[in-house]
Amino acid sequence: MGLIIRSSAIHAAGCYTTTRIPKGKRVVEYTGPRLTKDEADILYEDSPLTYLFGLGDGSVVIDGHCMAMFINHSCDANCETGEEDGRVWVTAIKNIAPGSEITYDYCLYDGGDDAAVCNCGSKNCRGTMYSKEEVRRRKAAAKKAPGKTPRGKRAKRKTGASDGG
Ligand SMILES: [Zn+2]
């Protein structure tokens, strides 16, 4: 399998395949040092851009140092991520043609006041990279405290997509 990094219409750099990938095939592993959430919060306190991937209940994150960290979010993704024995794999959920950009749904959470705007351009784009559950949670929180911006930690997001490209 050939994966390359090049500029992307979705955001900055993206990960592309040079070969056909059949549905169900593992594309790449999301690798990198494991940090606790607290360690990551301290390390990236002042960083607008992080490549963190939450494991399990989110108490441990992978600090991405791999091809997979360049994979962009899409609301109509051709891959999904799955955890197996503490390792995270990006797996194709569609047959992917050569030259296609590899994408998965980030399902972000814990983003503080970051809007995490989505620019994927797909028909079913939900306008944000947050998970559906997180969107619901945020709406409920906003109702509880009208006029107040929820304070939180910096976004745990893998790319910064709100810079207008
Ligand atoms: Zn989208």
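Start with Arg34: across in β6 (60-63), its bridge partner is Ile62. Strands here, like helices, are DSSP runs numbered from the N terminus (E, at least two residues, for strands; H or I, at least four, for helices). This is a predicted model, in which local features need pLDDT of at least 70 and side-chain atom pairs count only at pLDDT 80 or more, while totals for chains, interfaces and linings use all residues. Residues are numbered from 1 along each chain as its sequence is written.

Arg34 sits in β4 (residues 34-36), which pairs with β6 in the antiparallel sense over three bridges; two strands count as paired if DSSP finds at least two bridges between them. Thr36 also has a bridge partner in β6, namely Val60.

β6 pairs with β5 too, again antiparallel, over four bridges, and there Phe53 stands opposite Ile62. β5 and β6 make a hairpin with four residues between them, and Gly56 in that turn has a positive phi of about 50°. Put together, the three strands give an open antiparallel sheet in the order β4-β6-β5. β4 and β5 are its edges, each pairing on one side only. From one strand to the next the twist averages 35° (axes are lines fitted to C-alpha atoms, for helices over the stretch in contact, with angles from 0 to 180 degrees between N-to-C directions).

## Two cores

The largest nonpolar core has 25 residues, and Val27, Ile71, Cys79 and Val90 touch the most other members. Such a core is a set of buried Ala, Val, Leu, Ile, Met, Phe, Trp, Tyr and Cys residues joined through C-beta atoms within 7 Å. Buried means 20 or more other C-beta atoms within 10 Å of a residue's own, exposed 12 or fewer, and partly exposed in between, with C-beta atoms placed from the backbone. Elements giving two or more residues to this core include β5 and β6 from the sheet above, along with β9 (87-92).

Leaving aside residues up to four places away in sequence, Ile71 touches Cys15, Val90, Ile102, Thr103 and Tyr104; contact means C-beta atoms, placed from the backbone, within 7 Å. A second, separate core has eight residues, among them Ile10, Leu108, Cys120 and Tyr130.

Ala12 isn't a glycine, yet has a positive phi of about 45°. It lies in the loop between β1 (3-7) and β2 and is partly exposed, with 14 other C-beta atoms within 10 Å.

Asp85 is another non-glycine with a positive phi, about 50°. This one is in the loop between β8 (79-84) and β9, and Asp85 is exposed, with 4 other C-beta atoms within 10 Å.

Technical notes:
Contact = placed C-beta atoms within 7 Å.
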